[in-house]
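Good morning. I will take you through one structure, and I will keep to what can be read from the model. Please have a look at it first.

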Amino acid sequence: MTTKPKVFYTATATATGDGRNGHVATDDQLLDLDLATPKPFTKAERTNPEQLFAAGYAACFNSAIGQAAKQLKVTVDDSTVTGKVGIGALGLTGGFGLAVTLEVHLVGVDDETARRVADRAHEVCPYSNATRGNIPVDVTVTTS
């Protein structure tokens, strides 16, 4: 059974129009975008849902890095997270699925410590908890 969190914030966005070729806006109008279907072999003219998901997951995971470092009593001088969200056919089901790669770069820690911090972040990040067991998520770690 899934445990519902004690919600302290709710983001609200509405999609209209032709789905992936439609429009999305938040209730506060801070996000207000026309969307386009991803075109893998041409330059994008507008953003797409996969880019929005990649941006949200990367930002959330980078925040979780800070929380994980505090929990592990580790000082990280700087961090970046690049989210990559792929979409493709699932095969036999006839549907589509997502796959995520998170490229974590930590400054000021050794490789082993960086891996521990990233692994802990993957345990506490809300996006990681939402996707766990549903889609493949690979977390790579580099340091400097």
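I begin with a pair of helices. Helix 1 passes helix 2 in a right-handed crossing. In general, two packed helices are described by the angle between their axes and the distance between the axes. Here, helix 1 covers residues 49-71 and helix 2 covers residues 111-124; their axes come within 8 Å and cross at roughly 115°. Bear in mind that this is a predicted model.

Which residues in helix 1 meet helix 2? On the side of helix 1 they are Tyr57, Phe61, Ala64, Ile65, Gln67, Ala68, Ala69 and Gln71. On the side of helix 2 they are Val117, Ala118, Arg120, Ala121, His122 and Val124. Sorted by type, the residues of this contact divide into 10 nonpolar, 3 polar and 1 charged.

Now step back to the whole chain. The protein chain has 144 residues, and 28% of them count as buried. Its secondary structure comes to 3 helices and 6 strands. Read from the N terminus, the order of elements is β-β-β-α-β-β-α-α-β. The C-alpha atoms fill a box of roughly 50 × 35 × 35 Å along the principal axes. If you take contacts between residues at least 6 apart in sequence, 52% of them join residues at least 24 apart.

Strand 2, residues 23-26, pairs with strand 3 over 3 bridges, in the antiparallel sense.

Is valine 81 buried or exposed? Valine 81 has a relative accessibility of 13%, and the cut-off for buried is under 20%, so valine 81 counts as buried. Leaving out residues up to four places away in sequence, valine 81 touches Ala58, Phe61, Asn62, Ile65, Leu102, Glu103 and Val104. Proline 49 is 32 residues from valine 81 in sequence, and their C-alpha atoms are 19 Å apart in space.

For contrast, take lysine 6, in the segment before strand 1. Its relative accessibility is 81%, and lysine 6 counts as exposed. Lysine 6 and asparagine 129 are 123 residues apart in sequence, yet 15 Å apart in space, C-alpha to C-alpha.

Last, the cysteines. How many disulfides are there? The count comes to 0. The sulfur of cysteine 60 has its closest cysteine sulfur in cysteine 125, at 3.5 Å. A disulfide needs the two sulfur atoms within 2.5 Å, so this pair is too far for a bond. Cysteine 60 is buried, with a relative accessible area of 17%. Cysteine 125 is buried as well, with a relative accessible area of 0%.

That is the end of my part. Thank you.

Definitions and conventions
Residues are numbered from 1 along each chain as its sequence is written. This is a predicted model: local features need pLDDT of at least 70, side-chain atom pairs count only at pLDDT 80 or more; totals for chains, interfaces and linings use all residues. Side-chain values use heavy atoms; hydrogens and water are left out. Two strands pair if DSSP finds at least two bridges between them. Helices (H or I, at least four residues) and strands (E, at least two) are DSSP runs, numbered from the N terminus. Buried means under 20% relative accessible area, exposed over 50%, partly exposed in between (1.4 Å probe, protein chains only). Contact means heavy atoms within 4.5 Å. Axes are lines fitted to C-alpha atoms, for helices over the stretch in contact, and angles run from 0 to 180 degrees between N-to-C directions. A crossing is left-handed if the near helix is turned anticlockwise from the far one by less than a right angle, and right-handed if clockwise. Ala, Val, Leu, Ile, Met, Phe, Trp, Tyr, Cys and Pro count as nonpolar, Asp, Glu, Lys and Arg as charged, and the others, Gly among them, as polar.
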